[in-house]
Every structure is written in C-alpha cells, then in structure tokens.
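Work through the exercises below with the structure in view. Try each task before reading its solution.

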Amino acid sequence: MTNYNSKEEAVNPKNILEKICTSPKKAFQFIDNYKYNKHVILLLILSGIVKALDKAETKSMGDNIPIWGIIGFSLLIGLLFGWLLNYIYAFLVSKTGEYLNGKASTESILRVLAYSLIPAIISLFVYFVQILFYGNSIFQSTFLYSSDELLNNIISYIFIFIDLFLMVWSLILLIIGVSIVQKFSIGKAIVNILLPAILIVLIFLILYVVIDLIAH
C-alpha cells in the first residue's frame, strides 16, 4: 500500500482536487512522485463530453437533433474518444519533449493533462444550467438568451467570459504540470505544449496538399 506521508506532503488523496486549484505546483509534484492515477480516466472522459457539447453548440446540432440525442452523442464521444485523443496528445508532448531534454513519459503527461482539465470540466455545470433554463435551444442556430437585445448580449458575454476563464485556467495548470514532470522552465513547458499542436497542423496541411494534388 502506497504511503503518502501526509506529514511531509501537504497534498494527499483526500485534498488532491482542491490542491490542484489552490497549490498546483505541490499537487502536480504529488501526482508525479506517487504516479497518482485516481480519477484520471474519469476526468479524461468528462473532458471528452465537454468537447462534444462544445462541438454540438458550434455546429448548431440542435437544429436537427433533439436534446436527448445531443446528450447521448456527447456521452458516447466522451466514453469512446475522451481518453484516446488526450492519450495521443500526451504521447506527442512526451516525444517532442525528449528533444528538449524532457524526462516525462506519456503516462506522466497524461496524468498532468487529466488533472489540468478540471477547470474546463467545470463548464459541464455551465451547460447543465443552460440546458435547465433553455433546453435544446442553446444548440440551435437561432438561439437567443433573451428577446431583449441588451440583456441577450450581457448574458452571452457572461457565458463567453466564463468559458474563456475556465479554458485559460486549464491551460495555465497544464503549463505548470508539464514544467513539473518534464523538469522544464515555464517558457520551455509552453514550447513543449505548442510543438504537438504545430506538428498536427503541419501533418494536416501536408495531407491536404497531397490530396489536392492527387485530385487534380
């Protein structure tokens, strides 16, 4: 049985979710030291559900699909791809980090990624509130929060601000976590996080050019 030694380590399994928000450096150090895997799969699945809901909203899927269909779609995507897509990204962060003399394995990065997504996962509560009040309308192209233009704009900006705040918070946590497990400076951690994204864009760009050349 793992000894977490609570006297020496301020972070422990009982307060890990709290400490991620209040003392992220210590929390990620704890996660890395003890290879703490609890909640990882659940967090990755929940993040997949959030991304699916975001996609449903931006694509106005509510124009053609009822609310229960959208919820079912989001749950399915979260269960099937929430872990997989994050694992692929963690793998790329680990491999590109090796060229920067990083020390973290894919599993270490995945643990950091999962816990850094906690603020973004909070947006599930925001979606719950929106669905509770507006139902399927929030996923429709013609949706308005209010018939009053000023009130509609205020409510829209509030939700946009909340989403942006949670997204930036998650990104900051990811940067801190990667810097801890890779033994990087903050600047180097940012580069390590960006490299896989640049690599993915380049791959898709090359594929697009190749397919376009073949088609012509």
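Helices here are DSSP runs of H or I with at least four residues, numbered from the N terminus. The model is predicted.

**Exercise 1.** Classify the ring pair Trp83 and Tyr87, then the pair Phe165 and Trp169.

Solution. 
- A pair of aromatic rings is described by the distance of the centres and the angle of the planes.
- The whole structure holds 12 aromatic pairs. In one of them, the ring centres of Trp83 and Tyr87 are 4.9 Å apart, with the planes at 25°. Planes under 30 degrees apart count as stacked, so this pair is stacked.
- Locate the pair. Trp83 and Tyr87 sit four residues apart in helix 4 (residues 67-98), about one turn of the helix.
- Trp83 is partly exposed at 34%, and Tyr87 is partly exposed at 26%.
- Now the other pair. Phe165 and Trp169 have ring centres 5.7 Å apart and planes at 50°, so they are tilted.
- Both residues lie in helix 8 (residues 149-182); being four residues apart, they are separated by about one helical turn.
- Phe165 is partly exposed at 45%. Trp169 is partly exposed at 23%.

**Exercise 2.** Which residues do ring pairs link into a cluster?

Solution. 
- Follow the ring pairs. They join Phe133, Tyr134, Phe143, Tyr145 and Phe159 into a cluster.

**Exercise 3.** How many salt bridges are there, and where do their partners lie?

Solution. 
- Side chains of opposite charge can pair when their charged atoms come close.
- The cut-off is a nitrogen within 4 Å of a carboxyl oxygen. The count is two salt bridges.
- Take Asp32 and Lys183. Their closest N and O atoms are 3.8 Å apart.
- This pair links distant parts of the chain, 151 residues apart: Asp32 is in helix 2 (residues 24-33), and Lys183 is in the loop between helix 8 and helix 9.
- Compare the partners. Asp32 is buried at 14%, whereas Lys183 is exposed at 54%.
- Take Lys95 and Glu98. Their side chains meet at 3.5 Å, N to O.
- Both are in helix 4, three residues apart, and so separated by about one helical turn.
- Lys95 is partly exposed at 35%. Glu98 is partly exposed at 44%.

Conventions. Residues numbered from 1 in each chain as written. Predicted model: local features only at pLDDT ≥ 70, side-chain atom pairs only at ≥ 80, totals over all residues. Heavy atoms only, no water. Phe/Tyr/Trp six-rings, centres within 6.5 Å; stacked < 30°, edge-to-face > 60°. Helix = DSSP H or I, 4+ residues; strand = E, 2+ residues; numbered from the N terminus. Buried < 20%, exposed > 50% of the residue type's maximum accessible area, 1.4 Å probe, protein only.
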